[in-house]
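Open the model in your viewer and keep the selection panel at hand. The stops below are meant to be taken in order.

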Amino acid sequence: MVKVVICGAAGGIGQPLSLLLKQSDLISHLALYDVVNAAGVAADLSHINTKSKVTGHGKESMDEALKNAHTVVIPAGVPRKPGMTRDDLFKINAGIVRDLAEGVVRNCPNAFVLVISNPVNSTVPIVCEVFKKHGIFNPKRVFGISTLDVVRSSRFVSEVNPKIDPATRVTVVGGHSGVTIVPLLSKLPHGFVDSLSKEQLDALTHRIQYGGDEVVKAKDGAGSATLSMAYAGARFTLALLDAVIGGKQGLIESTYVNLDADPQATASFKEKTGLEYFAQDVEFGPEGVSRILPLPTVSAYEQTLLDNAFPELKANISKGVSFITESA
Ligand code: NAI
């Protein structure tokens, strides 16, 4: 049983994510940190009769919240409004994520860190660079949560072809924004891709890559995906905990990681693409990343998607890296 901290716990994602994690018997202490209203959310959740203790920590108590944490989940920051890309959030969220990473360094340097705050393609490199600066970087322990892309893919695919169970996991690689989201639909059963016309495949791929925009538009200025994201974040966090402390084997999720988490498996990919970070299927183990699965053979269609993803991903990564390395 372990201490899990949610940073940004009073937000649109933070609240339902905290509720979902409150239901887990793997967690003994749920520490809720936010710059507003953490105490209220904590008091509310603390009445639920599951095993974990819940504490709330406001603006001045970041260190207290993070002290000796086992796992830190970060949905802190601002969400998108209509017309914004995830990269537009960089200006505000980069600093928030950097400061939280500094808090991890001071209080729980061995924690598993799960980043939800966008732009994930850049915020994960920010966390890793802060950790490198302080000599505590372990690439097996830092994750960008791109699970919502997988959840959406599974759902949308099952809507196109009802023979496919919505629980079927789709491998989604690349990153977590627009063209960097690359769903490998050719791996699906029942000849799924072959049953689609080029127009249908284009439409489905576009819907997966820009599914977040549907929610931003429907919420009309009130934010982006929160409930489906909380579901995805809880699924990811609990799978990781199941492997790390529950000892479960064979648990796999697509996630955006530093490729040094499994240097042997990724050496030739890194050399070919020049990418340091990539979302790929990862198997969890006691150390976090147990192995990064090899990139499956992709179709010509998917190769084009990958070719379009690489330059944007590279730019997003270097933006995150230089935010730390070029600051005083
Ligand atoms: P929100 O605005 O509803 O909640 C964010 C919370 O973070 C607020 O309660 C705010 O007080 C708090 N916060 C702000 N600065 C903080 C700081 N320095 N320390 C601690 N807490 C702080 O936003 P929402 O909808 O919950 O989204 C949060 C983030 O998650 C956004 O960056 C959004 O883009 C991202 N997101 C990521 C997804 C993914 O798939 N990885 C999907 C959807 C959203």
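This is a predicted model: local features need pLDDT of at least 70, side-chain atom pairs count only at pLDDT 80 or more; totals for chains, interfaces and linings use all residues.

Residues are numbered from 1 along each chain as its sequence is written.

**Stop 1: the domains.** Colour residues 3-146 as domain 1 and residues 147-328 as domain 2; such bounds come from an automatic or database domain assignment. The centres of domain 1 and domain 2, taken over C-alpha atoms, are 21 Å apart. Their contact takes 44 residues from domain 1 and 51 residues from domain 2, where contact means C-beta atoms, placed from the backbone, within 7 Å.

On the side of domain 1 that touches domain 2, select helix H5 (120-133), which gives the most, with 11 residues. Helices (H or I, at least four residues) and strands (E, at least two) are DSSP runs, numbered from the N terminus. This side of domain 1 has 26 nonpolar, 9 polar and 9 charged residues. Here Ala, Val, Leu, Ile, Met, Phe, Trp, Tyr, Cys and Pro count as nonpolar, Asp, Glu, Lys and Arg as charged, and the others, Gly among them, as polar.

**Stop 2: the ligand.** Which residues are the closest to the ligand? Select Gly-8, Gly-11, Gly-12, Ile-13 and Asn-118, the closest of the 32 residues that surround the ligand; each residue counted has its C-beta atom, placed from the backbone, within 6 Å. The shell divides into 18 nonpolar, 12 polar and 2 charged residues. The ligand lies between domain 1 and domain 2, because both give residues to the shell.

**Stop 3: H6 and H9.** Select helix H6 (residues 147-160) and helix H9 (residues 227-244), which pack at about 110° with axes 8 Å apart. Axes are lines fitted to C-alpha atoms, for helices over the stretch in contact, and angles run from 0 to 180 degrees between N-to-C directions. H6 is therefore roughly perpendicular to H9 (65 to 115 degrees; under 35 is roughly parallel, over 145 roughly antiparallel, the rest oblique). On the H6 side, show Thr-147, Leu-148 and Val-151; on the H9 side, the contact residues include Tyr-231 and Phe-236.

**Stop 4: H1 and H9.** H1 makes the contact with Pro-16, Leu-17, Leu-20 and Leu-21, and H9 with Leu-227, Ala-230, Gly-233, Ala-234 and Thr-237. By class, 7 of these residues are nonpolar, 2 polar and none charged.

Conventions: Two residues are in contact if their C-beta atoms, placed from the backbone, lie within 7 Å.
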